[in-house]
Amino acid sequence: MTRLWVLSDLHLEAVPFPDGYDPIRPEFDVLVAAGDLWRGEPEKAVATLNRLAGGRPAVFVAGNHEAWGMTPDRALERLRRATAGTTVHLLDGTEVVLAGIRFAGLTLWADGALAPVAVDPDQTTGEGVLRPSGEGCITHGDEAALHHAHRARLEQCL
């Protein structure tokens with residue numbers, strides 16, 4: 001049986017010594033990371049995963065915090081470059097088979113469907129992510145459009 005080590009929402013930019021993050025590792029075959037590891041520094045997120053995996057494979061789905069201060073596409077470009085030559089596999093509408101398991105994934109931006117009240121598509125979300133156009137902060141409408149496009153890509157993988 002394949003053993004997974006699952007990490008999510010570490011927000012290492014908020015801890016006193018983020019480069020020293022060194023938790024006790026369980027026995028695992030694949031490290032699975034579900035985003036929001038390091039705000040605005042996707043290269044540090046990948047370096048941390050690569051270090052924690054210790055030569056074993058890892059899969060990574062970026063969260064919104066990886067894109068902080070940039071557009072979602074720019075964050076993905078930086079993540080693709082950072083994962084090249086590592087054991088970290090970025091899932092961005094792609095899939096990979098590791099230890100006999102098929103992993104598929106991508107960042108699934110919020111669509112507003114679970115909001116307790118209707119959201120204004122032109123209102124910014126309050127996140128430090130730039131709009132896909134690069135002009136201004138991301139809006140609820142931008143995120144909903146990304147959600148629907150990314151969901152369609154994920155459905156194609158499945």
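A nonpolar core is a set of buried Ala, Val, Leu, Ile, Met, Phe, Trp, Tyr and Cys residues joined through side-chain atoms within 4.5 Å. The legends below describe close-up views of a predicted model.

**View A. The largest nonpolar core.** This core contains 21 residues. Trp5, Leu31, Leu37, Leu49, Phe60, Leu79 and Val88 have the most contacts inside it. Two or more core residues come from each of β1 (4-7), β2 (30-33), α1 (42-53), β3 (58-60), α2 and β4 (88-90). Helix α1 supplies the largest share, 5 residues.

**View B. Surroundings of Leu31.** Leu31 is among the core residues with the most contacts. Leaving aside residues up to four places away in sequence, Leu31 touches Trp5, Leu7, Leu49, Leu52, Ala53, Pro57, Ala58 and Val59.

**View C. Helix α3, residues 140-157.** The 18 residues of this helix should span 26 Å at 1.5 Å a residue, and the end C-alpha atoms are 26 Å apart, which agrees. Buried positions in α3 are Asp142, Glu143, Ala144, Leu146, His147, His150 and Cys157. An α-helix has 3.6 residues a turn, so residues three or four places apart point the same way. The cover over the buried residues of α3 includes α2 (72-83), β5 (94-98) and β6 (101-105).

**View D. Cys137 and Cys157.** Cys157 has a relative accessibility of 11% and is therefore buried, the limit being under 20%. Cys137, with a relative accessible area of 36%, is partly exposed. A search of the whole structure finds 0 disulfides.

Terms used. Residues numbered from 1 in each chain as written. Predicted model: local features only at pLDDT ≥ 70, side-chain atom pairs only at ≥ 80, totals over all residues. Heavy atoms only, no water. Helix = DSSP H or I, 4+ residues; strand = E, 2+ residues; numbered from the N terminus. Expected span 1.5 Å × (residues − 1). Buried < 20%, exposed > 50% of the residue type's maximum accessible area, 1.4 Å probe, protein only. Contact = heavy atoms within 4.5 Å. Disulfide = S-S within 2.5 Å.
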